[in-house]
Amino acid sequence: MKNFLTLIAYPIAVLTASIPRETQAVPSGPFSAGAWKIAQGHDAFFFGTSINASGGKFYINQNTSTYCPAGVQGLDCSLYAGTGTSLIIGSGSTTISLEVTVPGGQQVYVAPDGSLSYTQAHSAYIPTGSTVDGFSRVRSVAFGAPIYLYSAGRNWYLCPVTEGKPRERTYQIFALPEAPEGCLSTQIRTYDPAAGQVWQYA
Ligand SMILES: *[C@@H]1O[C@H](CO)[C@@H](O)[C@H](O)[C@H]1NC(C)=O
Ligand SMILES: *[C@@H]1O[C@H](CO)[C@@H](O)[C@H](O)[C@H]1NC(C)=O
């Protein structure tokens, strides 16, 4: 009898616990991403430092690289002067695309070396062994209800690619199951999309 009551009580507890989360759905639509890393005794800490796309990879402390073809009839590149990086997870999907205007779009994936990457415009080429799915955004119950970006079975890392002060050097974004040598673990938070449209990321 006792076990029977426990069985009944259990689903009720689950239901109650799930109500607050229902009201905190993650918005669909484009978002920007930022590295979120508290100091924890380390000199490098970041509170939403913009993750920018450049040369097929993603970085913090590096400018976004974009391209718009000049001289195309009917294409006004002054409309595509965005300097930030916006991403989108399709509804019901676990894949990420860059928010671009170029036909065919640009897909985001994790390359075999763990680097967060994106396809070039007009190309669907993704190296064998890459991971294209498993991305999600989840709203935290912590104060401020930040929305984190996850890559299933992997953690996010910042790997330095330039010299400089810990908070100023350029870091590349990696998603790997375990920490690569010399890299810092980080979380990634998502925010309102970057201002300004982009034709394509380059
Ligand atoms: C980054 O972009 C800003 C303007 O948006 C520019 O002033 C700066 O020189 C650029 N930095 C590099 C390293 O290109
Ligand atoms: C990266 O993108 C942000 C906007 O999302 C922009 O403010 C910033 O200037 C860009 N460059 C660097 C070096 O962070």
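Which residue in S13 is the bridge partner of Leu-158?

Analyst: The bridge partner of Leu-158 in S13 is Leu-184. Residues are numbered from 1 along each chain as its sequence is written, while chains are lettered from A and ligands numbered from 1 in the order in which they are written. The model is predicted, so local features need pLDDT of at least 70 and side-chain atom pairs count only at pLDDT 80 or more, whereas totals for chains, interfaces and linings use all residues; side-chain values use heavy atoms, leaving out hydrogens and water.

Strand S13 covers residues 184–191 and runs antiparallel to S11, to which three bridges join it. Strand S11 (residues 155–160) also pairs in the antiparallel sense with strand S12 (residues 171–176), over six bridges; here Trp-156 stands opposite Ala-175. Strands are DSSP runs (E, at least two residues), numbered from the N terminus, and two of them pair if DSSP finds at least two bridges between them.

Strand S7 (residues 106–110) holds Tyr-109. This residue counts as buried because its relative accessibility is 7%, where buried means under 20% relative accessible area with a 1.4 Å probe and protein chains only. Contacts of Tyr-109, not counting residues up to four places away in sequence, include Leu-116, Tyr-118, Ile-126, Pro-127 and Val-132; contact means heavy atoms within 4.5 Å. The C-alpha atoms of Tyr-109 and Ile-96 are separated by 7.5 Å.

Thr-64 lies in the loop between strand S3 (57–60) and strand S4 (66–67). At 15% relative accessibility, Thr-64 is buried as well. Its side chain makes a polar contact of 2.9 Å with that of Thr-85, and a polar atom of the Thr-64 side chain lies 2.9 Å from the backbone oxygen of Thr-83. A polar contact is a pair of N or O atoms within 3.5 Å; within protein, one must be able to donate a hydrogen and the other to accept it, and residues adjacent in sequence count only if both atoms are side-chain atoms. Thr-64 also touches Asn-52 and Gly-84, among others.

Asn-52, Thr-83 and Gly-84 are among the residues that surround ligand 2, each with a heavy atom within 4 Å of it. A polar side-chain atom of Asn-52 lies 2.7 Å from an oxygen atom of ligand 2, and an N or O atom in the side chain of Asn-63 is 2.9 Å from a nitrogen atom of ligand 2. Taken alone, ligand 2 exposes 360 Å², of which the protein buries 60%; these areas come from the Shrake-Rupley method with a 1.4 Å probe.

Terms used: Helix = DSSP H or I, 4+ residues; strand = E, 2+ residues; numbered from the N terminus. Buried < 20%, exposed > 50% of the residue type's maximum accessible area, 1.4 Å probe, protein only.
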